[in-house]
There are 2 protein chains.
Amino acid sequence: MHLKDIINDNNRLFMEDRIPEEYKTDYFYHTVADMHAVALPINTDEVIGLVKYSVQKDIPIVVRGAGTGVTGAQVPFVGGELVIDMKLMNRILDLDEETMTLTVEPGVLLQDIQELVEQRGYFYPPDPGSKHSTIGGNVATNAGGMRAVKYGTTRDYVRELEVVLPDGNLVTLGSLNIKNSSGYDLKNLFIGSEGTLGITTKIKLKLLSLPKYKQSILLAFDSLQEASNAVITILKNGIEPTALELFEKGTIEYSERYLNMKLQSQLGKAYILMTIDGNDKDVLNHQIITVNHLLSNKSREIIVLGNDEEEKKAWKLRDNILVALMQFTQYEMLDEVVPINKIAELINYTKELQDKHGIEVINFGHAGDGNIHTVLMKGDLSEDDWQMKRKAYLDDLYQKVGELGGLPSAEHGIGLLKKPYLEKMKNPVELNLMKTIKNAIDPQNRLNPGKIF
Amino acid sequence: MHLKDIINDNNRLFMEDRIPEEYKTDYFYHTVADMHAVALPINTDEVIGLVKYSVQKDIPIVVRGAGTGVTGAQVPFVGGELVIDMKLMNRILDLDEETMTLTVEPGVLLQDIQELVEQRGYFYPPDPGSKHSTIGGNVATNAGGMRAVKYGTTRDYVRELEVVLPDGNLVTLGSLNIKNSSGYDLKNLFIGSEGTLGITTKIKLKLLSLPKYKQSILLAFDSLQEASNAVITILKNGIEPTALELFEKGTIEYSERYLNMKLQSQLGKAYILMTIDGNDKDVLNHQIITVNHLLSNKSREIIVLGNDEEEKKAWKLRDNILVALMQFTQYEMLDEVVPINKIAELINYTKELQDKHGIEVINFGHAGDGNIHTVLMKGDLSEDDWQMKRKAYLDDLYQKVGELGGLPSAEHGIGLLKKPYLEKMKNPVELNLMKTIKNAIDPQNRLNPGKIF
């Protein structure tokens, strides 16, 4: 059998010298291994053919989507992998209005899904920062994003997955049934498994009705601790924010400088930017009144962002933090998560470590989920210094995350970069259970070897 | 090693003649096998001890809670099982208000959880019919109930499970972190696994704030098809009912006769009884207006149940269907589930089969989830006739459920009674994947052998 027998198209099969540069480099993982070939299938049969070829030739496989992953999960690691790039399997197949289900291929971009369903009056809530990521990649990492505090993560919107298993067998996991107590929940096992258990070839997504109204509010606080307390106050009082973002003044200043605009509040040390949504204007107004009532004495100021333009401005500043930062320094972004009552303690600790290790950090994140993006900045450090300090910093930080009951990754996955920390932070019995399952489903370690553990 | 070395208490360890009758019989599964012993542990260490004893003696284990299961999952099957009854591990350990998490032992009754948290202003939404079931049993079957259409099932409220594995190792699955992309989702694999993968010894549950208001509405329709269409209309228009129950006139008449009271509407052939809840009275009112607007021309009548007493009466009639039926006949209740747009087709088919097989059925169920409880009634049939007709009926029915994209169990589990239908309805590749995982985690087939598959 030859790869050309499966994909007989020079534009979709690349070997040796013809392998494009984009597959050989990665922004976050620098030592990409050699690969056997790069194949771009256009249907499930071709994916099955590629897996069977790999079985016959005993070649490992790594699957990738848009390549926006930040942990190295989508690049060859052991060497000699067949790279399967799913980006040409990018058709939106069906929108079933009766069951409110969207059927897509894995290579569809998140932004294309959001656009299409919103035009039709529906809503796909998961909203990771990278809109150019593929939905297949979102499933592989259980991508989260801004709206998870109210609406959950990708996992909560996957009804059904069509998956090619490591032996080339095809299986459908999950169903359109809303309730299920009919055997093991395999669908959730495969979601977030980072390409190590199967190759997703079709996805059925649950849609919601698009909420009619939304409203954003900016709250300013004198300290991170007070902002963090406010997060808990908001959530405990039955308010269900769509987004509940926390950032320090020092963080948003990068965006302010880059975009040359100012956040609507310049008071205090820490901010909460929250959005509420719903189908009833009165309810939103009542929620705003409640927020004012609960927090007016505990904050420096509360600004209801009165119109679309003000709302867009605040969110633009928030959304551009990383892009802004890129103009000033090289950085490494983390996505650690802790129980929501531990956010302040974690962020304060990131500051302690800043002084201890001489490495500058800023924080922003999805406070409603306990998911913080700590960003380590290289600044003026030499490459050697940066690597050394960065490692020492991460060792300390993840140690603390573990002590607080947290996890190394909320939404980006483990891939290669966080492997050592997952190993340290997870109970060996649990880690062993994961490996047992991997070994049972993929005894030849064919799919994405070396990733996660 | 002797069992007495682990549980040195005659009131918590029963062997041979001392085994109480309640363990030897089951209302739904009649041929309970012999058992090695019955042990009632009071802490995790004792559970570990019992598992290690079973490993040493090579004895299978079956775990039970309140024994309210309806599929035979909690009784010995292969013979010689050590029965571990968890009902004495029934402490509520902690209510953490900051993370809104309740920590309980598995033997706590559902009603005790609901009562305690509601007194404190919190809400545990899963609401299976059997309030005397244990939370451990709810986790083992991913129990659903009335409020699943808005709030989801048990799965959605389990944050963390402490589990004793088949080799006696203890592991904690899940965490208080809301987002997670840190390795395989083992927690969801164990939820709904019906005691075949591990023994749950501690559970952390997610709580919500208790909604301030609720309102029930009764809708009458000329046909099941129209009622079923109305379900889809309601869900598609952004209304989020807490409960959305569908029943035929012929079904509720059993309750009416038994309770000697009349449902508020006597028009039409099929009813929807729905509840909405929330923290804003105006929103509820708006939703009622919307329902009226959408459905007044498509229903016989819409009755807003004005006060607590009226609301209670309607729900009492709904809740007593099975108890009422018990007065009139022996029966078998199913819990099949189909995509929500297939409900009418399924219910109509149950009626066709009624005529074909000469076995009377009624239907009620959680229409918002596509979860129907079809009830087969023995009536005047002889035992032989009943068994023969019932099997022929079920063969046809589950065949149809499968064709409609449905599943044999929405919320009760597979246990022993639905095994042949799971086998027929699931793709062999998926079933094989489940068995592969069972075999990897429990290679000696120690836990609940013969259940599910």
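1. pLDDT is the predictor's confidence in each residue, on a scale from 0 to 100. The model is predicted, and chain A has an average pLDDT of 95. In chain A, 100% of the residues score at least 70. For the complex, the predictor reports an ipTM of 0.95 and a pTM of 0.95.

2. On symmetry: chain B superposes on chain A by a rotation of 180° with 0.0 Å of shift along the axis, and the RMSD is 0.0 Å. The two chains are therefore related by a two-fold axis. Both copies use the same surface, since 100% of the contact residues of chain B recur in chain A.

3. On the interface: 69 residues of chain B contact 69 residues of chain A. On the side of chain B that touches chain A, at least two residues each come from strand E9 (170–174), helix H6 (186–190), helix H7 (224–236), helix H9 (281–295) and helix H15 (428–441) of chain B. H15(B) provides the largest share of that side, with eight residues.

4. What is the make-up, by class, of the side of chain B that touches chain A? It has 31 polar, 28 nonpolar and 10 charged residues.

5. On domains: the assignment for chain A gives domain 1 (3–85), domain 2 (92–209), domain 3 (213–322) and domain 4 (331–413 + 422–428).

6. Domain 2 of chain A and domain 3 of chain A have their centres, taken over C-alpha atoms, 30 Å apart. Their contact takes four residues from domain 2 of chain A and six residues from domain 3 of chain A. On the domain 2 side, the residues divide into two nonpolar and two charged, with no polar residue.

7. On helix packing in chain B: helix H8 (residues 249–259) of chain B and helix H11 (residues 321–328) of chain B have axes 8 Å apart and pack at an angle of about 75°. Angles of 65 to 115 degrees count as roughly perpendicular, so H8(B) is roughly perpendicular to H11(B).

8. Which residues form the contact of these two helices? H8(B) contributes B:Thr251, B:Tyr254, B:Ser255, B:Arg257 and B:Tyr258. They meet B:Ile321, B:Ala324, B:Leu325, B:Gln327 and B:Phe328 in H11(B). By class, the contact of H8(B) with H11(B) has six nonpolar, three polar and one charged residues.

Technical notes: Residues are numbered from 1 along each chain as its sequence is written. Chains are lettered from A and ligands numbered from 1 in the order in which they are written. This is a predicted model: local features need pLDDT of at least 70, side-chain atom pairs count only at pLDDT 80 or more; totals for chains, interfaces and linings use all residues. Domain bounds come from an automatic or database domain assignment. Two residues are in contact if their C-beta atoms, placed from the backbone, lie within 7 Å. Ala, Val, Leu, Ile, Met, Phe, Trp, Tyr, Cys and Pro count as nonpolar, Asp, Glu, Lys and Arg as charged, and the others, Gly among them, as polar. Axes are lines fitted to C-alpha atoms, for helices over the stretch in contact, and angles run from 0 to 180 degrees between N-to-C directions. Helices (H or I, at least four residues) and strands (E, at least two) are DSSP runs, numbered from the N terminus. Angles under 35 degrees count as roughly parallel, over 145 as roughly antiparallel, 65 to 115 as roughly perpendicular and the rest as oblique. Copies are superposed by least squares on the C-alpha atoms of residues with pLDDT of at least 70 in both.
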